[in-house]
Amino acid sequence: MTWQPFYVGDGTPRDVDLGEPPPWRSFPRQALHQQFQPPPGLVRAVNAALMLRRPLLVTGAAGSGKSTVIEQVAAELKLGDVLRWHITSRSTLTEALYRYDALGRIHAQRLAGRDGDDDIAPFLQLGPLGTALLPTEHPRALLIDEIDKSDLDLPSDLLDVLERGEFEIPELARYASDLVDVREWGSDARSPVVRGRVQCDRFPFIVMTSNGERDFPQAFLRRCIRFTMPKPTVDALRRIVEAHLRIGSDADGTRAVDTVIQTFVDRVAAGESLAIDQLLNAVHLLTAGSLATGENDQEVLALVLRELSRA
């Protein structure tokens, strides 16, 4: 095998076949529920959360597969498409419940004039959490990703909604019509909201992920089923690699992959911050015939396996 660069750096135009991408970088993106390998204990934690109708809080290092858990559960239990709420420091509970375009409605009213249509529905949309709390035949699946990135008050703000399974849209509570069809998150589907109140009858399956970068209030933690992703072992990583990639049968290639896996485990055990998708990237380069057993392969592997805590 030899390192085959697509870009040479000489400025000469050329036709290049980039080949097939890694399976996890094919578009449109495909769910990875079939490839996910749950670590010991995770299946019990998921079933406990399902039985108790409690959110599952999964803590672990970046790239450890925390957000893939819900894809596998949703696929196995036929819960439909996963609703996603990606948390930032500016995220609020209100935006997760619903969005109201007040300025857009005022502008439309001015254009329509005094006798124009005053329909509020086009200016409302349920957020991911609001959509998950709609009455449904089967529970919805909701991912609240990286909740430890949130404002300090957000976990506490969530408590009442998660306990009661309901919320009110004030703009609809005082609206002239009792029933308004509101657009759901992530689709064009609309659901009726009566007098501004959304009330679930099947509590959603909620997975919240955390990188472990902060502590949460005890009142929040006691309402969650908690699971911490274990540090990867050689056997566990080999199963993950085999689930994502077809590893060739040649002895040299297998030994090279085993060496990379062992090095990855040793570095993580020594306290370095590395993600499993970095390992998958390295193995893909090895098994796709792009690296040689020489100087270049070590340089490229060092590039994709660079520690995350360093710029």
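**View 1. A cavity is a set of points on a 1 Å grid over the protein atoms alone where a 1.4 Å probe fits but cannot get out, and its lining residues have an atom within 4 Å of a point.** This is a predicted model, in which local features need pLDDT of at least 70 and side-chain atom pairs pLDDT 80 or more, while totals for chains, interfaces and linings use all residues. Residues are numbered from 1 along each chain as its sequence is written, and side-chain values use heavy atoms, leaving out hydrogens and water. The count comes to 1 cavity of 30 Å³ or more. About 60 Å³ of space lies in the largest cavity, a volume being the space filled by probe spheres on points joined across faces, edges and corners. Look for Arg-53, Arg-54 and Pro-55 in the lining, together with Leu-159, Leu-162 and Glu-163. Phe-203, Phe-220, Arg-223 and Cys-224 line the cavity too. Helix H6 (residues 154-164; a DSSP run of H or I, at least four residues) gives the most to this lining, with 3 residues.

**View 2. The largest pocket holds about 1,300 Å³ of space.** A pocket is an open set with protein on both sides within 12 Å along at least five of seven lines. This one is lined by 47 residues. Nearest its centre you will find Gly-63, Ser-64, Gly-65 and Lys-66, joined there by Ile-276. Helices H9, H10 (251-269) and H11 (276-287) each give two or more residues to the lining, as do strands S2 and S5. The largest share, 4 residues, comes from H9.

**View 3. Helix H9 spans residues 234-244 and has a buried set of residues (under 20% relative accessible area).** Val-234, Leu-237, Ile-240, Val-241 and His-244 are the buried residues of H9. They sit on the same side of H9, because they cover an arc of only 125° around the axis. An α-helix has 3.6 residues a turn, so residues three or four places apart point the same way.

**View 4. Five strands form an open sheet with parallel pairing.** Follow the order S2-S5-S10-S1-S11 across the sheet; strands are DSSP runs of E, at least two residues, and pair through at least two bridges. Strand S2 (83-86) and strand S11 (225-228) stand at the edges. Each of these two has a single partner strand, so one side of each is left without a neighbour in the sheet.

**View 5. Strands S2 and S5 (residues 141-145) run parallel.** The two are joined by 4 bridges. For a handy landmark, find Leu-83, which stands opposite Leu-142 in S5.

Definitions and conventions: Buried means under 20% relative accessible area, exposed over 50%, partly exposed in between (1.4 Å probe, protein chains only). The arc is that of the directions from the helix axis to the C-beta atoms.
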